[in-house]
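Could you walk me through this structure, one feature at a time? I would like to learn how to read it.

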Amino acid sequence: MPAKKRCQFQIETDAQCSSAALRIVGQCPHCRAQFCGVHRLPEHHSCSNLEDCRQQAFERNKTKLESERTVASKLTTA
């Protein structure tokens, strides 16, 4: 039986996490590393790609909002 995958939080340092990595939700979609339940969120493991992710989400939201913008025509009063 293969060994359990361990959390990759601060790997190869003295503060390395020794918890088992979660199978389905433990992989970070941004840096592709495996983490335990405590470190699985990008904010909790200091994800290196977090700022890029935030910028992409901001740009997607900006273009969506701009495409939904309505412009009211001004009525002239006679």
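This is a predicted model: local features need pLDDT of at least 70, side-chain atom pairs count only at pLDDT 80 or more; totals for chains, interfaces and linings use all residues.

Q: Let's begin with His45. Where does His45 lie relative to helix 1?
A: Helices (H or I, at least four residues) and strands (E, at least two) are DSSP runs, numbered from the N terminus. Here, His45 lies in the segment before helix 1, which spans 50–67. His39 is found in that segment before helix 1 too, and Leu41 also lies in the segment before helix 1.

Q: Is His45 buried or exposed?
A: Buried means under 20% relative accessible area, exposed means over 50%, and partly exposed is in between (1.4 Å probe, protein chains only). His45 has 8% relative accessibility, so it counts as buried. His39 is buried as well, because its relative accessibility is 12%. Leu41, at a relative accessible area of 33%, is partly exposed.

Q: Which backbone oxygens does the side chain of His45 reach?
A: A polar contact is a pair of N or O atoms within 3.5 Å; within protein, one must be able to donate a hydrogen and the other to accept it, and residues adjacent in sequence count only if both atoms are side-chain atoms. The His45 side chain reaches the backbone oxygen of His39 at 2.9 Å, and it reaches the backbone oxygen of Leu41 at 3.0 Å.

Q: Which residues are in contact with His45, beyond its neighbours in sequence?
A: Contact means heavy atoms within 4.5 Å. Setting aside neighbours within four places in sequence, His45 is in contact with Phe9, Cys28, Cys31, Phe35, His39 and Arg40.

Q: Some cysteines have come up. How many disulfides does the structure hold?
A: A disulfide is a covalent bond between the sulfur atoms of two cysteines. The cut-off used is a pair of cysteine sulfur atoms within 2.5 Å. The structure holds zero disulfides. Cys31 is in no disulfide, and its nearest cysteine sulfur, that of Cys28, is 3.6 Å away. Cys31 counts as partly exposed, because its relative accessibility is 27%.

Q: Now the surface. Which residues form a nonpolar patch there?
A: Like charges are joined within 9 Å, and nonpolar side chains (Val, Leu, Ile, Met, Phe, Trp, Tyr) within 5 Å. Accessible areas come from the Shrake-Rupley method with a 1.4 Å probe; for residues, only the protein chains shown count as cover. In this structure, Leu22, Ile24 and Val25 form a nonpolar patch on the surface, with about 300 Å² of accessible area together. Ile24 is exposed, with a relative accessible area of 78%.

Q: What is the phi value of Arg32, and what is that of Ser46?
A: Arg32 has a phi near 60°, a positive value in a residue other than glycine. Ser46, also a residue other than glycine, has a positive phi near 50°. Arg32 is exposed at a relative accessible area of 58%, and Ser46 is exposed at 63%.

Q: How many residues apart are Ile11 and Asp52 along the chain, and what separates their C-alpha atoms?
A: Ile11 and Asp52 are 41 residues apart along the chain, and their C-alpha atoms are separated by 22 Å. For Leu41 and Gln56, the separation is 15 residues in sequence and 18 Å in space, C-alpha to C-alpha. Val38 and Gly26 are 12 residues apart along the chain, with 9.5 Å between their C-alpha atoms.

Key: Residues are numbered from 1 along each chain as its sequence is written. Side-chain values use heavy atoms; hydrogens and water are left out. Patches are made of residues with over 30% relative accessible area and no salt bridge: like charges are joined within 9 Å, nonpolar side chains (Val, Leu, Ile, Met, Phe, Trp, Tyr) within 5 Å. A salt bridge is a side-chain nitrogen of Lys or Arg within 4 Å of a carboxyl oxygen of Asp or Glu.
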